[in-house]
Amino acid sequence: MREIAFIKQNKEKWLELEEVISNNSKKSPDEIADLHIKIMNDLSYAQSYYPKSNVVPYLNKLAKSSYGKIYHTKKQDKNVLLAFFFEKVPLLLYKHRKYMYISFAFFFVCFFIGLVSTFNDDNFARQILGDSYVEKTLENIESGDALAVYKGGSNWGSFIGIFANNLRVGIYMFLSGLFLGLGTGFYIIQNGIMVAVFQAFFYQNNTLLDSLKGIWIHGTYEIFGMVIEAGCGYIIGASILFPGALKRMESFKKGIREAFFIFISTIPFTFVAAFLEGYVTRYYNKVPGFVCFLIIATSLVSISYYYLILPYKVAAKKLNK
């Protein structure tokens, strides 16, 4: 395509983005993000076919301005930590939201597979959880304390050990993205099926309510956080496989940095989950049921708001400035 034809064909969307950047036109976050992607594609094309043309620096400037409009947070006189958790991370979550959705979708597919397999194969639970765990839990159910496994050790010792273990699993989820996201997918398959088998096993032994009341006191933050950490792994994998207009190494560096920022945001939830498991879950059968479910509901609402709703609110606010 000749340069004049290229400019004529695309100048309308360029001017449209200029209007948005200058605040003369209002568009939704998704519309601006789409325009930004189109500009990046045009810039890549222009760099390849018209490297010495004035259109290249023009599009480069337009791409930088549109990126700043969407994702860049200007320095303000505010708490850096709060700005990180309530502005930077939500904007990155908005940018990479499709990988979070993919992570949730894949987890639920694996969870469903685990349920179906357990209900159709009497030995499946033993294969996944192990004979010793199954036998011990059956003994606990028989004695009237289905989740007695959570009562071992001291509160403090359990809390520290659980936090260290969950943090290690989260790091594995994150770093497995280096294997093009396949390693992360393996961990999701493993954990998604295991959670389903766990719940199905208690259902089959008429203790589902006890398991829901006890396990999800800490499991809400723990499992939700794990899915987000897996999403971080997918971001890394995608940055390697789909560099877009960037060089592959530049895309990788950017992807792992942004994924790491999102991963950091899961650590407070992992910490609280470990605290709840060490200090609250063990008393599930002594605490009134409504208190247990109140903790679970509060956990679900708070973490869902942070990862699924706040990113849209922050992005919309940023784009309307």
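This is a predicted model: local features need pLDDT of at least 70, side-chain atom pairs count only at pLDDT 80 or more; totals for chains, interfaces and linings use all residues.

In helix 1, I find Phe 6, Asn 10, Trp 14, Leu 17 and Val 20 buried. Where does helix 1 bend? The bend is at Asn 10, by about 50 degrees, in a helix that covers residues 3-21. After helix 1 comes Asn 23, and I noted its positive phi, near 65 degrees.

**Positive phi in loops**

I looked up two loop residues next. Leu 180 isn't a glycine, yet its phi is positive at about 60 degrees. I located Leu 180 in the loop between helix 8 and helix 9. Its relative accessible area is 40%, so I put Leu 180 down as partly exposed.

Asn 206 is another non-glycine residue with a positive phi, near 60 degrees. Asn 206 sits in the loop that joins helix 9 and helix 10. Is Asn 206 buried or exposed? Exposed, because its relative accessibility is 73% and the cut-off for exposed is over 50%.

**Cysteines**

How many disulfides are there? I get 0 disulfides. I checked Cys 232 to see why: the closest cysteine sulfur belongs to Cys 110 and is 18 Å away, too far for a bond. The limit for a disulfide is within 2.5 Å. Cys 232 has a relative accessible area of 0%, so I list Cys 232 as buried. Cys 292 counts as buried as well, at 1% relative accessibility.

**Largest pocket**

I read its volume as about 980 Å³. The lining of the largest pocket takes in 31 residues, and those nearest its centre are His 36, Ile 37, Lys 95, His 96 and Lys 254. Two or more lining residues come from each of helix 2 (29-49), helix 3 (55-70), helix 4 (80-95), helix 5 (97-120), helix 10 (208-241) and helix 11 (248-279). Which helix gives the largest share of this lining? Helix 2 does, with 8 residues. Sorting the lining of the largest pocket by class, I have 15 nonpolar, 8 polar and 8 charged residues.

**Second largest pocket**

This one comes out at about 770 Å³. I count 28 lining residues for the second largest pocket, with Asn 166, Asn 191, Met 194, Glu 222 and Ile 223 nearest its centre. Helix 8 (155-175), helix 9 (182-204), helix 10 and helix 11 each put at least two residues into the lining. Helix 10 gives the most, 10 residues. By class, the lining of the second largest pocket splits into 15 nonpolar, 10 polar and 3 charged.

**Cavities**

I find 2 cavities of 30 Å³ or more. The largest cavity holds about 40 Å³ of space. What lines the largest cavity? I wrote down Leu 93, Tyr 94, Arg 97, Met 100, Tyr 101, Tyr 307, Leu 308, Pro 311 and Tyr 312. The class tally for the largest cavity is 8 nonpolar, no polar and 1 charged. Arg 97 is the charged one, because arginine is classed as charged.

Conventions. Residues are numbered from 1 along each chain as its sequence is written. Side-chain values use heavy atoms; hydrogens and water are left out. Buried means under 20% relative accessible area, exposed over 50%, partly exposed in between (1.4 Å probe, protein chains only). On a 1 Å grid over the protein atoms alone, a cavity is a set of points where a 1.4 Å probe fits but cannot get out, and a pocket is an open set with protein on both sides within 12 Å along at least five of seven lines; lining residues have an atom within 4 Å of a point. Grid points are joined across faces, edges and corners, and a volume is the space filled by probe spheres set on the points. Helices (H or I, at least four residues) and strands (E, at least two) are DSSP runs, numbered from the N terminus. The bend at a residue is the angle between axes fitted to the seven residues ending there and the seven starting there.
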